[in-house]
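Morning, everyone. Please bring up the sequence and the structure, and we'll walk through them together.

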Amino acid sequence: MQEARQRHGVSQKQLAIRASTTQSAISRIERGRVSPSVETLRELLYLLGEDLKLGASVRDSGIDATLIDQQLRRSPTERLDYGTAFANMVIANSPNPRRESYDG
């Protein structure tokens with residue numbers, strides 16, 4: 001909010017007067033000492049001549065959906081074989097393998 005206020009050449013005191021609050025309240029919000037509600041933030045930006053726009057976007061979860069699709073196209077037997085091979089690879093590369101391999 002501080003950037004918007006400065007962009008419009010408005011002091012904390014001037015914004016406080018517009019919002020019927022105190023300069024110290026505006027200062028606390030700008031310094032992150034107080035977390036204003038979305039409605040309060042919307043109102044303060046409106047008083048500066050700006051509109052608050054909230055949005056959402058898809059977050060990368062780090063899961064490769066193509067690998068999931070690839071697994072789902074396998075038969076149950078192929079999935080078991082793949083899981084067994086994967087488990088054996090993990091055991092073989094473990095610093096302290098407990099077994100030679102996994103039998104299933």
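Which residues does alanine 4 touch, leaving aside those up to four places away in sequence? There are three: Leu45, Leu48 and Glu50. Keep in mind that this is a predicted model.

Now the core. Ala4 belongs to the largest nonpolar core, which has ten residues. Leu45 and Leu48 are in that core too. H2 gives the largest share, three residues.

Let's look at H3. Its buried residues are Ala25, Ile26, Ser27, Ile29 and Glu30. Just after H3 comes glycine 32. Its phi is positive, about 80 degrees.

Next, the surface. Tyr82, Phe86, Met89 and Val90 make a nonpolar patch there. Together they have about 380 Å² of accessible area. Take Val90 as one of the four. Valine 90 sits in helix H6, residues 76-92. Is it buried, exposed or partly exposed? Partly exposed, because its relative accessible area is 42%, and partly exposed covers the range between under 20% for buried and over 50% for exposed.

That's the tour. Over to you.

Notes. Residues are numbered from 1 along each chain as its sequence is written. This is a predicted model: local features need pLDDT of at least 70, side-chain atom pairs count only at pLDDT 80 or more; totals for chains, interfaces and linings use all residues. Side-chain values use heavy atoms; hydrogens and water are left out. A nonpolar core is a set of buried Ala, Val, Leu, Ile, Met, Phe, Trp, Tyr and Cys residues joined through side-chain atoms within 4.5 Å. Buried means under 20% relative accessible area, exposed over 50%, partly exposed in between (1.4 Å probe, protein chains only). Helices (H or I, at least four residues) and strands (E, at least two) are DSSP runs, numbered from the N terminus. Contact means heavy atoms within 4.5 Å. Patches are made of residues with over 30% relative accessible area and no salt bridge: like charges are joined within 9 Å, nonpolar side chains (Val, Leu, Ile, Met, Phe, Trp, Tyr) within 5 Å. Accessible areas come from the Shrake-Rupley method with a 1.4 Å probe; for residues, only the protein chains shown count as cover. A salt bridge is a side-chain nitrogen of Lys or Arg within 4 Å of a carboxyl oxygen of Asp or Glu.
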